[in-house]
Amino acid sequence: MTKADFISKVAQNAGLTKKDATSATDAVIETITEVLAKGDTISFIGFGTFSTAERAAREARVPSTGKTVKVPATRVAKFKVGKNLKEAVANKGKKKK
């Protein structure tokens with residue numbers, strides 16, 4: 001699904017125009033980005049948690065040349081799936097008894 005497809009689906013589900021859905025989607029993405037850039041965590045109960053983690057510097061090998069290169073330390077974004085989302089994905093396509 002592309003961003004445009006996602007925006008169309010949000011507009012349909014929320015009864016919004018595509019313009020309003022685009023503004024809302026962009027605002028949500030921008031806010032999540034700002035929160036993570038500060039190093040904070042944002043949680044949506046049942047959906048999941050966005051956070052950051054520090055990756056230590058390390059050495060890695062380039063497969064094609066076999067050379068060892070130094071990979072600098074960095075901060076990365078993480079997402080931990082919430083219970084409701086995990087169950088919804090796991091149960092998709094299964095028949096309920």
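Residues are numbered from 1 along each chain as its sequence is written, and side-chain values use heavy atoms, with hydrogens and water left out. Because the model is predicted, local features need pLDDT of at least 70 and side-chain atom pairs count only at pLDDT 80 or more, whereas totals for chains, interfaces and linings use all residues.

Helices (H or I, at least four residues) and strands (E, at least two) are DSSP runs numbered from the N terminus, and two strands are taken to pair if DSSP finds at least two bridges between them. On this basis, an open sheet is formed by three strands in the order E1-E2-E5, with antiparallel pairing. Strand E1 (42–44) and strand E5 (74–81) each have a single partner strand and stand at the edges, so one side of each is left without a neighbour in the sheet. On average, and with direction ignored, neighbouring strands of this sheet are turned by 30 degrees against each other, where axes are lines fitted to C-alpha atoms, for helices over the stretch in contact, and angles run from 0 to 180 degrees between N-to-C directions. Strand E2 (residues 48–55) is joined to E5 by eight bridges, the two running antiparallel, and Thr49 stands opposite Lys80 in E5. Across E1, E2 and E5 lies helix H2 (residues 18–37), which runs at about 40 degrees to E2.

Ser51, placed in strand E2, has a relative accessible area of 15% and is therefore buried, given that buried means under 20% relative accessible area, exposed over 50% and partly exposed in between (1.4 Å probe, protein chains only). When neighbours within four places in sequence are left aside, Ser51 is in contact (heavy atoms within 4.5 Å) with Leu36, Asp40, Thr41, Val76, Ala77 and Lys78.

A second pairing involves strand E3 (residues 58–61), in which Arg61 is found, and strand E4 (residues 68–71), which is joined to E3 by four bridges and runs antiparallel to E3. E3 and E4 form a hairpin with six residues between them, and Gly66 in the turn has a positive phi of about 80 degrees. The bridge partner of Arg61 in E4 is Thr68; with neighbours within four places in sequence left aside, Arg61 is in contact with Gly66, Lys67 and Thr68. At 56% relative accessibility, Arg61 counts as exposed. Although twelve residues apart in sequence, Arg61 and Thr49 are 32 Å apart in space, C-alpha to C-alpha.

Four aromatic pairs are found in a search of the whole structure, rings of Phe, Tyr and Trp (its six-membered ring) being paired if their centres lie within 6.5 Å, with planes under 30 degrees apart counted as stacked, over 60 as edge-to-face and the rest as tilted. Phe44 and Phe50 form an edge-to-face pair, at 6.3 Å centre to centre and with 90 degrees between the planes. One aromatic cluster is formed by Phe44, Phe47, Phe50 and Phe79, and Phe44, at 35% relative accessibility, counts as partly exposed.

The largest pocket holds about 200 Å³ of space. Its lining includes Phe44, Phe47 and Phe50, together with Phe6, Val10, Ala24, Thr25, Val28, Ile29 and Ile32. A pocket is here an open set of points on a 1 Å grid over the protein atoms alone, where a 1.4 Å probe fits, with protein on both sides within 12 Å along at least five of seven lines, and lining residues have an atom within 4 Å of a point; grid points are joined across faces, edges and corners, and a volume is the space filled by probe spheres set on the points. Helix H1 (3–14) and H2 each supply at least two residues of this lining, and H2 gives the most, with five residues.
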